[in-house]
Amino acid sequence: MTFQTLDDLDDGQRVLVRLDLNSPVEDGTVQDNRRFDRHAETVNELVDRGFEVAVLAHQGRPGRDDFVSLAQHAEILADHIDHDVDFVDETYGPQAIHDIADLDGGDVLVLENTRMCDDELPEENPEVKSQTEFVQTLKDEFDAYINDAYSAAHRSHASLVGFPLVMDAYAGRVMETEYEANTAIAEKEFDGQVTMVVGGTKATDVIDVMTHLDEKVDDFLLGGIAGELFLRAAGYPVGYDIDDANLYDEQWEANSEKIETMLEDHRDQITLAVDLAYEDDGDRAEQAVDDIEEKSVSYLDVGSETVMEYSPIIRDSEAVFVKGALGMFEDERFSVGTAGVLEAIADTDCFSVVGGGDTSRAIEMYGMEEDEFGHVSIAGGAYIRALTGAELVGVEVLQR
Ligand SMILES: Nc1ncnc2c1ncn2[C@@H]1O[C@H](COP(=O)(O)OP(=O)(O)OP(=O)(O)O)[C@@H](O)[C@H]1O
Ligand SMILES: O=C(O)[C@H](O)COP(=O)(O)O
């Protein structure tokens with residue numbers, strides 16, 4: 001590993017720290033999750049060593065319900081580090097600069113959601129990002145930049161790739177441990193069957209990675225939004241938006257060709273759900289995919305038959321990778337797919353990795369322990385990209 005770490009940084013300086021506190025939001029309330037726990041290690045160390053700490057992080061995506069302020073994140077972070085955490089509702093405006101100047105040793109200030117700044121999101125190369133007003137304004141306020149957000153390091157966004165080009169840059173403790181674990185996992189060779197459980201809402205991320213993993217993975221078990229899109233490509237009348245949902249059509253447009261090609265070239269490596277679950281009068285109901293004539297309900301989980309088909313495949317695997325939940329597990333009625341698959345993994349002695357800020361929450365929600373899995377990563381998209389052997393842009397710039 002060639003990046004500088006906190007061991008290379010002198011105590012008591014003024015530091016800008018990028019965390020990944022991107023969290024599930026339910027009815028406007030940010031849900032605590034292991035990202036806070038893990039990043040607390042880095043923040044606690046900085047506080048104990050007398051640094052003046054300003055935190056950059058993002059939440060959600062513009063236009064989605066989870067695109068909210070970081071005010072609640074500051075409170076949750078304070079609970080995890082047993083230390084006051086201040087918040088300012090600007091990322092680099094005059095009030096933010098004022099509050100940064102007021103920091104004393106051991107103080108922590110969370111700046112507003114980076115994705116509320118125009119400079120943050122367009123995916124541009126690090127050189128371009130380093131010249132944005134966002135980066136140029138904040139860089140002079142700090143002695144060093146620390147990136148702890150391994151789980152967002154696959155995005156070429158200003159707060160992740162801009163600062164290392166114009167500041168002294170370091171990896172935080174989470175960046176270090178996730179990088180080491182995921183790189184080692186990517187280099188592992190398996191003699192037996194390798195299975196990947198693919199679900200969640202970010203179908204574009206997983207489908208892109210699937211096309212690069214077809215030599216490493218013997219069987220992809222599909223669920224979630226990606227699963228429905230694959231069913232659509234296979235000819236079933238599902239995988240498009242109904243009501244106000246905004247999960248399928250855009251991702252179908254972006255990925256339909258890749259999905260169709262994968263089904264043509266790798267059909268024997270792709271296992272699709274045989275039944276799906278939906279809400280009927282407040283209860284869970286299930287329907288075989290062969291019986292669906294028209295999509296008139298939202299499918300929120302894979303069905304029980306699907307879990308029965310996926311479980312023996314998992315039992316026969318030497319390694320299982322999970323990215324994304326098979327259903328909306330936060331609602332117990334729709335946890336059957338996700339909990340069923342995680343229990344099947346926990347019951348075998350295969351090597352396993354469960355990744356994703358949301359998905360990894362299902363472990364404790366459904367009574368399992370982290371040590372029943374080989375590695376639980378707070379990274380989702382970043383860890384599966386690392387599995388392909390590709391370098392993550394946010395890591396690359398730290399290694400310059
Ligand atoms: N059929 C479905 N309908 C709606 N939501 C679903 C469905 N299936 C899965 N989900 C949701 O997917 C979410 C997890 O997927 P997501 O794509 O956010 O992955 P993740 O594991 O958090 O990874 P990352 O860290 O990349 O965000 C869960 O919160 C779950 O509720
Ligand atoms: O939750 C994640 O995987 C990271 O925070 C990246 O979020 P994004 O997929 O919205 O870029």
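The UniProt record, an unreviewed entry, annotates a binding site at Asp20, Leu21, Asn22, Arg35, His58, Gln59, Gly60, Arg61, Arg115 and Arg155. The model examined here is predicted. Two of the annotated residues, Asp20 and Arg155, are described in turn.

Asp20 sits in the loop that links β1 (14–18) to β2 (25–26). Its relative accessible area is 2%. Buried means under 20%, so Asp20 is buried. Beyond residues up to four places away in sequence, Asp20 touches Arg35, His39, His58, Ala149, Ser151 and Ala152.

Arg155 occupies the loop between β7 (144–147) and α6 (158–162). Arg155 has a relative accessibility of 13% and therefore also counts as buried, the cut-off being under 20%. With neighbours within four places in sequence set aside, Arg155 contacts Arg61, Glu123, Leu160, Val161, Asp205 and Val393.

Helix α9 (residues 224–233) packs against helix α10 (residues 249–266). Their axes lie 9 Å apart and form an angle of about 60°. The two helices are therefore oblique to each other. Their crossing is right-handed. On the α9 side, the contact involves Ile225, Leu229, Phe230, Arg232 and Ala233. These residues meet Asp249, Gln251, Trp252, Ile259, Glu260, Met262 and Leu263 of α10. Eight residues of this contact are nonpolar, one is polar and three are charged.

Technical notes. Residues are numbered from 1 along each chain as its sequence is written. Chains are lettered from A and ligands numbered from 1 in the order in which they are written. This is a predicted model: local features need pLDDT of at least 70, side-chain atom pairs count only at pLDDT 80 or more; totals for chains, interfaces and linings use all residues. Side-chain values use heavy atoms; hydrogens and water are left out. UniProt positions are given in the numbering used here, feature names are shortened, and annotations may be inferred rather than shown by experiment. Helices (H or I, at least four residues) and strands (E, at least two) are DSSP runs, numbered from the N terminus. Buried means under 20% relative accessible area, exposed over 50%, partly exposed in between (1.4 Å probe, protein chains only). Contact means heavy atoms within 4.5 Å. Axes are lines fitted to C-alpha atoms, for helices over the stretch in contact, and angles run from 0 to 180 degrees between N-to-C directions. Angles under 35 degrees count as roughly parallel, over 145 as roughly antiparallel, 65 to 115 as roughly perpendicular and the rest as oblique. A crossing is left-handed if the near helix is turned anticlockwise from the far one by less than a right angle, and right-handed if clockwise. Ala, Val, Leu, Ile, Met, Phe, Trp, Tyr, Cys and Pro count as nonpolar, Asp, Glu, Lys and Arg as charged, and the others, Gly among them, as polar.
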